[in-house]
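Subject: Structure handover

Hello,

Here is the structure for your files. Please open it first, then read the notes below.

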Amino acid sequence: MVELLSFYRHDWLNELQLLMGYASMDKMDKVKDKVEACIEAAKMERRISNLKMSKTALWVLSFNWYHSNFRLNFSVYKDFGDLSKFDESIHKQATEFVDILEQYSDPMEMYEGTFLIQSLDEDQTEVVLSFHGKFSNEESLYNALDEIELEKVTVEQEEEEIMTCSISWICNSK
(Lines give C-alpha, C1' and ligand atoms only; values in the text may rest on other atoms or scores of the structure.)
Protein backbone atom coordinates (compact mmCIF):
# COMPACT_ATOMS: atom_id res chain seq x y z
CA MET A 1 0.00 0.00 0.00
CA VAL A 2 2.86 2.38 0.83
CA GLU A 3 4.38 1.63 -2.58
CA LEU A 4 1.09 2.54 -4.30
CA LEU A 5 0.84 5.79 -2.38
CA SER A 6 4.41 6.57 -3.33
CA PHE A 7 3.63 6.11 -7.06
CA TYR A 8 0.48 8.17 -6.70
CA ARG A 9 2.28 11.00 -4.86
CA HIS A 10 5.01 10.98 -7.52
CA ASP A 11 2.43 11.40 -10.31
CA TRP A 12 0.69 14.27 -8.50
CA LEU A 13 3.99 16.02 -7.79
CA ASN A 14 4.76 15.83 -11.53
CA GLU A 15 1.39 17.43 -12.31
CA LEU A 16 1.95 20.20 -9.74
CA GLN A 17 5.45 20.89 -11.05
CA LEU A 18 4.06 21.20 -14.56
CA LEU A 19 1.44 23.66 -13.30
CA MET A 20 4.12 25.67 -11.50
CA GLY A 21 6.19 25.74 -14.70
CA TYR A 22 3.29 27.04 -16.77
CA ALA A 23 2.38 29.60 -14.09
CA SER A 24 5.96 30.86 -13.82
CA MET A 25 5.98 31.39 -17.62
CA ASP A 26 2.62 33.18 -17.32
CA LYS A 27 0.99 30.61 -19.62
CA MET A 28 -2.38 30.75 -17.89
CA ASP A 29 -4.19 29.03 -20.77
CA LYS A 30 -1.93 26.00 -20.25
CA VAL A 31 -2.54 26.17 -16.49
CA LYS A 32 -6.29 26.23 -17.06
CA ASP A 33 -6.12 23.29 -19.52
CA LYS A 34 -3.99 21.26 -17.12
CA VAL A 35 -6.28 21.95 -14.16
CA GLU A 36 -9.30 20.90 -16.24
CA ALA A 37 -7.46 17.70 -17.28
CA CYS A 38 -6.66 16.95 -13.62
CA ILE A 39 -10.30 17.50 -12.64
CA GLU A 40 -11.47 15.15 -15.42
CA ALA A 41 -8.92 12.52 -14.36
CA ALA A 42 -10.15 12.75 -10.76
CA LYS A 43 -13.75 12.29 -11.95
CA MET A 44 -12.73 9.17 -13.90
CA GLU A 45 -10.93 7.80 -10.83
CA ARG A 46 -14.04 8.42 -8.71
CA ARG A 47 -16.28 6.69 -11.24
CA ILE A 48 -14.06 3.61 -11.57
CA SER A 49 -13.79 3.42 -7.79
CA ASN A 50 -17.57 3.65 -7.42
CA LEU A 51 -18.12 0.56 -9.59
CA LYS A 52 -17.28 -1.54 -6.52
CA MET A 53 -14.81 -3.56 -8.60
CA SER A 54 -11.93 -3.10 -6.19
CA LYS A 55 -9.47 -5.53 -7.82
CA THR A 56 -10.14 -4.25 -11.33
CA ALA A 57 -10.09 -0.59 -10.28
CA LEU A 58 -6.78 -0.99 -8.45
CA TRP A 59 -5.33 -2.89 -11.42
CA VAL A 60 -6.36 -0.13 -13.85
CA LEU A 61 -5.29 2.76 -11.61
CA SER A 62 -1.85 1.25 -10.94
CA PHE A 63 -1.28 -0.35 -14.36
CA ASN A 64 1.15 2.27 -15.71
CA TRP A 65 3.36 2.01 -12.64
CA TYR A 66 4.08 -1.67 -13.25
CA HIS A 67 4.21 -1.99 -17.06
CA SER A 68 7.06 0.09 -18.45
CA ASN A 69 6.27 -0.27 -22.17
CA PHE A 70 2.47 -0.33 -21.92
CA ARG A 71 0.39 2.82 -21.27
CA LEU A 72 -3.23 2.44 -20.24
CA ASN A 73 -5.78 5.26 -20.32
CA PHE A 74 -9.22 4.65 -18.95
CA SER A 75 -12.62 6.19 -19.45
CA VAL A 76 -15.76 5.77 -17.40
CA TYR A 77 -18.24 8.29 -18.74
CA LYS A 78 -20.95 7.93 -16.14
CA ASP A 79 -21.76 6.19 -12.89
CA PHE A 80 -22.76 2.62 -13.70
CA GLY A 81 -23.59 1.46 -10.20
CA ASP A 82 -22.44 -1.74 -8.56
CA LEU A 83 -20.54 -4.08 -10.89
CA SER A 84 -18.90 -6.02 -8.05
CA LYS A 85 -20.20 -9.40 -9.26
CA PHE A 86 -18.01 -9.03 -12.38
CA ASP A 87 -14.86 -7.89 -10.54
CA GLU A 88 -13.13 -11.23 -10.03
CA SER A 89 -13.66 -12.43 -13.60
CA ILE A 90 -12.68 -9.15 -15.29
CA HIS A 91 -9.59 -8.73 -13.12
CA LYS A 92 -8.40 -12.31 -13.72
CA GLN A 93 -8.96 -12.21 -17.47
CA ALA A 94 -7.51 -8.72 -17.93
CA THR A 95 -4.37 -9.82 -16.10
CA GLU A 96 -4.05 -12.97 -18.23
CA PHE A 97 -4.70 -10.99 -21.41
CA VAL A 98 -1.93 -8.49 -20.63
CA ASP A 99 0.46 -11.27 -19.57
CA ILE A 100 0.07 -12.83 -23.01
CA LEU A 101 0.44 -9.50 -24.82
CA GLU A 102 3.64 -8.81 -22.89
CA GLN A 103 5.09 -12.14 -24.06
CA TYR A 104 4.66 -11.02 -27.68
CA SER A 105 5.66 -7.39 -27.20
CA ASP A 106 8.95 -5.71 -27.98
CA PRO A 107 10.48 -4.09 -24.87
CA MET A 108 11.65 -1.20 -27.04
CA GLU A 109 8.11 -0.43 -28.27
CA MET A 110 5.40 1.54 -26.49
CA TYR A 111 1.92 0.00 -26.51
CA GLU A 112 -1.06 2.29 -26.05
CA GLY A 113 -4.13 0.88 -24.35
CA THR A 114 -7.60 1.87 -23.28
CA PHE A 115 -9.91 0.54 -20.61
CA LEU A 116 -13.38 1.74 -21.46
CA ILE A 117 -16.64 1.27 -19.61
CA GLN A 118 -19.66 2.26 -21.64
CA SER A 119 -23.38 1.73 -21.65
CA LEU A 120 -24.82 -0.47 -24.41
CA ASP A 121 -28.39 -0.01 -23.28
CA GLU A 122 -30.35 0.42 -20.06
CA ASP A 123 -29.44 -3.05 -18.74
CA GLN A 124 -26.05 -3.74 -20.30
CA THR A 125 -22.65 -2.25 -19.64
CA GLU A 126 -19.66 -3.08 -21.81
CA VAL A 127 -16.11 -3.17 -20.50
CA VAL A 128 -13.41 -3.09 -23.18
CA LEU A 129 -9.64 -3.43 -22.73
CA SER A 130 -7.51 -2.94 -25.82
CA PHE A 131 -3.87 -2.39 -26.75
CA HIS A 132 -2.39 -1.17 -29.98
CA GLY A 133 1.12 -1.75 -31.19
CA LYS A 134 3.67 -3.92 -32.91
CA PHE A 135 3.41 -7.49 -31.65
CA SER A 136 5.68 -10.29 -32.78
CA ASN A 137 4.80 -13.75 -34.02
CA GLU A 138 1.20 -13.03 -34.90
CA GLU A 139 0.10 -16.65 -35.27
CA SER A 140 1.50 -17.66 -31.89
CA LEU A 141 -0.19 -14.64 -30.30
CA TYR A 142 -3.54 -15.72 -31.79
CA ASN A 143 -2.99 -19.26 -30.50
CA ALA A 144 -1.97 -18.11 -27.02
CA LEU A 145 -5.05 -15.86 -26.73
CA ASP A 146 -7.20 -18.71 -28.01
CA GLU A 147 -5.79 -21.29 -25.55
CA ILE A 148 -6.97 -19.59 -22.39
CA GLU A 149 -10.62 -19.13 -21.69
CA LEU A 150 -11.22 -15.42 -22.14
CA GLU A 151 -14.35 -13.51 -22.94
CA LYS A 152 -14.69 -11.98 -26.38
CA VAL A 153 -11.18 -11.40 -27.74
CA THR A 154 -10.52 -9.70 -31.05
CA VAL A 155 -7.24 -9.08 -32.85
CA GLU A 156 -7.26 -6.64 -35.74
CA GLN A 157 -4.31 -6.37 -38.06
CA GLU A 158 -3.88 -2.74 -39.10
CA GLU A 159 -0.51 -2.64 -40.81
CA GLU A 160 2.36 -5.06 -41.02
CA GLU A 161 2.91 -6.27 -37.43
CA ILE A 162 0.71 -3.45 -36.05
CA MET A 163 -2.30 -4.89 -34.29
CA THR A 164 -5.06 -3.89 -31.94
CA CYS A 165 -5.83 -6.65 -29.44
CA SER A 166 -9.05 -6.28 -27.44
CA ILE A 167 -11.03 -8.15 -24.86
CA SER A 168 -14.54 -7.19 -23.85
CA TRP A 169 -17.14 -8.17 -21.31
CA ILE A 170 -20.86 -7.54 -21.22
CA CYS A 171 -22.13 -6.87 -17.71
CA ASN A 172 -25.87 -7.38 -17.39
CA SER A 173 -27.48 -5.55 -14.52
CA LYS A 174 -30.40 -8.01 -14.34
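Leu141 touches Ile100, Leu101, Tyr104, Phe135, Ser136, Met163 and Cys165, leaving aside residues up to four places away in sequence. Contact here means heavy atoms within 4.5 Å.

This is a predicted model, in which local features need pLDDT of at least 70 and side-chain atom pairs count only at pLDDT 80 or more, while totals for chains, interfaces and linings use all residues. Residues are numbered from 1 along each chain as its sequence is written, and side-chain values use heavy atoms, with hydrogens and water left out.

Leu141 also belongs to the largest nonpolar core, which has 39 residues. With Leu141, the residues with the most contacts inside this core are Phe97, Phe115, Leu129, Phe131 and Phe135. A nonpolar core is a set of buried Ala, Val, Leu, Ile, Met, Phe, Trp, Tyr and Cys residues joined through side-chain atoms within 4.5 Å. Buried means under 20% relative accessible area, exposed over 50%, and partly exposed in between (1.4 Å probe, protein chains only).

Two or more core residues come from each of α2, α3, β1, α4 (87-103), β2, β3, α5 (138-147) and β5. Helix α4 gives the most, with 6 residues.

**Overall layout**

The chain has 5 helices and 5 strands. Both are DSSP runs, numbered from the N terminus: helices are H or I with at least four residues, strands E with at least two. Along the sequence the pattern is α-α-α-β-α-β-β-α-β-β.

The C-alpha atoms fill a box of roughly 55 × 45 × 30 Å, taken along the principal axes. Of the 174 residues, 37% count as buried. Take the contacts between residues at least 6 apart in sequence: 71% of them join residues at least 24 apart.

**The sheet**

The 5 strands form an open sheet in the order β1-β2-β3-β5-β4, with mixed pairing. The edge strands are β1 (70-76) and β4 (152-159); each has a single partner strand, so one side of each is left without a neighbour in the sheet. Neighbouring strands are turned by 15° against each other on average, direction ignored. Two strands pair if DSSP finds at least two bridges between them.

At one end, β4 pairs with β5 (residues 162-172) in the antiparallel sense, over 7 bridges. Gln157 has Met163 in β5 as its bridge partner.

Helix α2 (residues 28-50) touches β1 and β2 (111-119), and its direction makes about 80° with that of β1. Helix α3 touches β1, β2 and β3 (124-134), at about 135° to the direction of β1. Axes are lines fitted to C-alpha atoms, for helices over the stretch in contact, and angles run from 0 to 180 degrees between N-to-C directions.

**β1 and its crossover**

How much of β1 is buried? The count is 5 of its 7 residues, so β1 is largely enclosed by the rest of the structure. Strands β1 and β2 run parallel, joined by 7 bridges. Phe70 stands opposite Tyr111 in β2. The chain goes from β1 through α4 to β2, and this β-α-β crossover is left-handed. The convention: a crossover is right-handed if, with the strands pointing away from the viewer, the path from the first strand over the helix to the second runs clockwise.

Helix α4 has 17 residues and reaches 24 Å from its first C-alpha to its last, close to the 24 Å expected at 1.5 Å a residue. The expected span is 1.5 Å times one less than the number of residues. Its buried residues are Asp87, Ile90, Gln93, Ala94, Phe97, Val98, Ile100 and Leu101. Their cover includes α3, β1, β3, α5, β4 and β5.

Thr56 is in helix α3 (residues 54-66). Thr56 is buried, at a relative accessible area of 1%. Beyond residues up to four places away in sequence, Thr56 touches Asp87, Ile90, His91 and Phe115.

**Backbone points to check**

Most residues other than glycine have a negative phi. Asp26 has a positive phi of about 60° although it is not a glycine. Asp26 is in the loop between α1 (2-24) and α2, and is exposed at 59% relative accessibility. Asn137 also has a positive phi, of about 50°. Asn137 lies in the loop between β3 and α5 and is partly exposed, at 47%.

Best wishes
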